[in-house]
Amino acid sequence: MWKRKDLLGIKELSADEINQILDQAVPMKDIIKRDIKKVPTLRGKSVINLFYEPSTRTRTSFELAGKYLSADTVNIAVSTSSVVKGETLIDTGKTIDVMGADVVVIRHQASGAPHLLAKHIKAKVINAGDGAHEHPTQALLDLFTIKEAKGSIEGLTVTILGDILHSRVARSNIWGLKKLGAKVRVAGPSTLMPPGLGDWGVEVYHRVEDALEGADVVNVLRLQLERQQKGLFPTIREYARQWGLNSRRVSLAKPGAMVLHPGPMNRGVEISPEVADGLQSVITEQVTNGVAVRMAILYLMTGGGVSDVPR
Amino acid sequence: MFLVKGGMLVDPAAGIKAVRDILLQDGKVVEIGEHLERPEGAEVYDATGKLVTPGLIDMHVHLREPGLEAKETIASGTRAAAMGGFTSVCCMPNTNPVTDSLALVEAVQAISKRDGAVRVFPIGAITKGSQGQELAEIGDMAQAGVRAVSDDGKPVARAEIMRLALEYAKMFEVTVVSHCEEQSLAGDGVMHYGPMSAMLGLKGIPAAAEEVMVARDIILAEAAGAKLHIAHISTRGSLELVRAAKARGVNVSCEVTPHHLSLSDEAVSGYSTSTKVNPPLRSWDHVSALRQGLADGTIDCIATDHAPHTIEEKAVEFGAAPFGLVGLETAVPLIMELVRNKELDIERAVAALSSNPARVFGLPGGTLQPGSPADLTVIDPDLELVLKPEDLRSQGKNSPFLGTELKGFPVLTMVEGQVVMRERNLLAD
């Protein structure tokens with residue numbers, strides 16, 4: 001049984017809890033592949049998507065996950081909400097709460113915003129990405145994708161490549177991979193590397209070739225192009241040449257190594273088109289798995305339909 | 001007449017740490033002795049088992065008045081001070097308007113006289129409006145009794161302006177207090193830069209942001225032969241710079257806050273905005289260096305940087321909250337904990353809270369030698385309390401120490417012979 005009220009990060013989850021979600025996502029994926037993609041499991045439950053940042057795939061993924069399970073889903077786009085009238089996060093949360101929301105899925109540019117919300121509302125809170133802190137559902141779908149292909153996470157070498165400093169995807173992946181027994185390497189320019197990674201049991205590389213050698217999985221992070229304007233690296237061109245993943249570099253990893261990217265991609269910057277669309281890329285599979293994993297999370301967290309477990 | 005009997009008197013300036021009786025009359029200390037007779041009509045306070053110290057002086061607080069009365073007023077802030085055992089506070093000029101002229105200094109003094117429960121010494125601004133462009137009228141403000149100037153919260157970015165301020169303030173024997181923060185390095189950081197900021201995904205303020213400006217200001221003060229006081233020192237590197245400067249005779253002093261001595265950046269992990277403070281809570285390595293620096297005398301003073309904010313301002317996302325926490329009412333128990341843990345002598349602790357700030361700014365008090373002002377604090381080292389928000393007399397409830405057990409609270413605060421707090425009850429109202 002799932003015990004937590006909220007899903008705020010991977011760091012506080014146990015390996016058992018992570019595996020419980022990954023296992024539950026397997027039958028959920030079957031539902032997505034059916035012709036009629038709807039089960040009554042969460043009928044009468046409401047899921048609110050509260051997104052303070054633009055998002056296509058995460059928001060749509062949560063919305064479809066809820067709908068496939070028959071939950072009522074509502075999207076709040078902050079740009080057309082009372083937030084632009086100056087309403088605070090706590091007040092917005094309380095308003096949604098008293099309307100009877102069961103789950104609030106929040107995406108916010110401020111690290112810790114989901115924690116603040118969770119402290120003040122009764123509804124369950126799912127972190128759909130907070131600042132540079134965590135993006136737990138992305139890590140869970142990455143773990144699911146790797147496990148599905150490789151059978152197990154334990155003992156794999158996973159290289160996370162790019163802007164680690166600003167990446168919530170990297171943080172959640174590092175925690176999840178470590179908990180499931182993978183060896184984690186990170187690579188990128190030193191100016192995009194947070195301090196103290198060594199303490200997390202992560203190997204830090206600045207030469208991408210070294211980081212890729214013998215890797216089972218390469219997870220390429222999105223580069224936010226405005227980082228260049230802040231002077232964190234000289235040019236987009238140099239970034240692509242020094243740290244971009246191309247076919248030649250992929251060949252340094254193990255044969256059959258998987259290439260992941262959380263999207264949206266900057267083709268030709270952090271990843272070359274031939275790698276993004278190549279045989280080793282599982283980037284589109286990740287998107288499908290994202291829906292399955294989010295269905296599993298919604299199902300587990302709402303203690304969904306005891307009798308009609310979709311196995 | 002008031003007789004404090006049987007307490008352990010700690011008066012570092014007089015070199016006394018012994019059980020003594022203290023007789024006070026007409027706002028002055030009259031006599032100190034081992035067994036003083038109770039003169040007729042004198043009120044007696046039994047301080048047996050308690051510590052008796054010169055009235056504590058907090059050289060760095062934000063009273064927010066005028067202009068920011070939703071956060072704090074001189075009335076509420078000085079009552080918080082009285083509860084915290086402080087008989088004098090020095091208030092920073094970052095009010096609205098900024099206290100940067102004689103008229104505004106006199107306004108703060110007048111409000112303090114009317115509403116204040118303890119002595120208030122306004123600190124003037126270094127530059128007009130604390131904009132860092134032109135010197136404020138430091139000479140005029142000195143005439144009104146200003147002993148120190150600071151652009152606290154808005155560090156003087158241009159080295160030339162800081163050089164001029166040091167040269168100019170020296171003429172009036174006014175101390176320049178520097179909030180050291182190189183803003184191009186601090187950027188929009190919200191906590192200490194290190195493994196914790198990496199883990200929490202919050203932007204970091206590196207130790208170097210403080211240290212480069214400590215180095216700059218020491219060099220400028222040395223060249224000018226002027227007196228410099230470093231506010232809320234928070235890093236190992238800053239301490240080493242101050243230690244080296246003192247060794248070669250530079251007229252530099254510094255202060256540390258109780259929260260930088262008690263908490264590390266690990267306290268930020270729950271995203272509580274009460275832990276968002278500038279300079280940020282540092283890692284344990286820095287905390288232990290600060291404790292060492294206070295114990296060995298490199299750090300002269302303890303000051304709270306009491307910074308009240310409204311509940312609404314702090315009940316937001318960590319990144320969006322203003323910096324600052326309230327410290328007046330928790331300073332003494334936090335320091336007493338260091339004393340209990342033998343990280344700090346009681347004499348050093350009391351000196352850092354009384355005689356040293358009095359010396360650095362040239363303020364009255366700081367000792368209980370006969371003839372001194374009857375400013376006195378009694379501390380019960382065994383009194384344990386768990387403070388709730390409503391227990392704080394400050395309007396600000398932004399303290400990371402609420403709900404935790406604290407030990408060693410003031411039980412008597414006397415200002416110029418008037419008891420303003422007794423047995424945790426305010427008498428100033």
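## The model

This is a predicted model: local features need pLDDT of at least 70, side-chain atom pairs count only at pLDDT 80 or more, and totals for chains, interfaces and linings use all residues. Residues are numbered from 1 along each chain as its sequence is written, chains are lettered from A and ligands numbered from 1 in the order in which they are written, and side-chain values use heavy atoms, with hydrogens and water left out.

## Where chain B meets chain A

On chain B, 15 residues are in contact (heavy atoms within 4.5 Å) with 23 residues of chain A. The size of an interface is often given as the accessible area lost when the parts come together. Here the two chains bury about 1,400 Å² between them, 63% of it on carbon and sulfur atoms. Buried area is the accessible area (1.4 Å probe) that two parts lose on being put together, summed over both. B:M199, B:Y271 and B:E317 supply 41% of the area that chain B buries against chain A, more than any other three residues.

Which classes of residue does chain B use on the side that touches chain A? That side has ten nonpolar, three polar and two charged residues. Ala, Val, Leu, Ile, Met, Phe, Trp, Tyr, Cys and Pro count as nonpolar, Asp, Glu, Lys and Arg as charged, and the others, Gly among them, as polar.

## A sheet in chain A

Strands of a sheet pair through backbone hydrogen bonds, either parallel or antiparallel. Chain A has an open sheet of four strands in the order β2-β1-β3-β4, with parallel pairing. Strands (E, at least two residues) and helices (H or I, at least four) are DSSP runs, numbered from the N terminus. Two strands pair if DSSP finds at least two bridges between them. The edge strands of chain A are β2 (72–77) and β4 (124–130), each pairing on one side only.

Strand β1 (residues 46–51) of chain A pairs with β2(A) over six bridges. One bridge partner is known by name: A:V74 in β2(A) partners A:I48.

Most residues other than glycine have a negative phi, and most peptide bonds are trans. A:S70 has a positive phi, near 75°. A:S70 sits in the loop between α2 (57–68) and β2 of chain A.

A cis peptide bond joins A:G263 and A:P264, with omega about -10°. Another cis bond joins B:E65 and B:P66, with omega about 10°. B:P66 lies in the loop between β6 (56–61) and α1 (74–83) of chain B.
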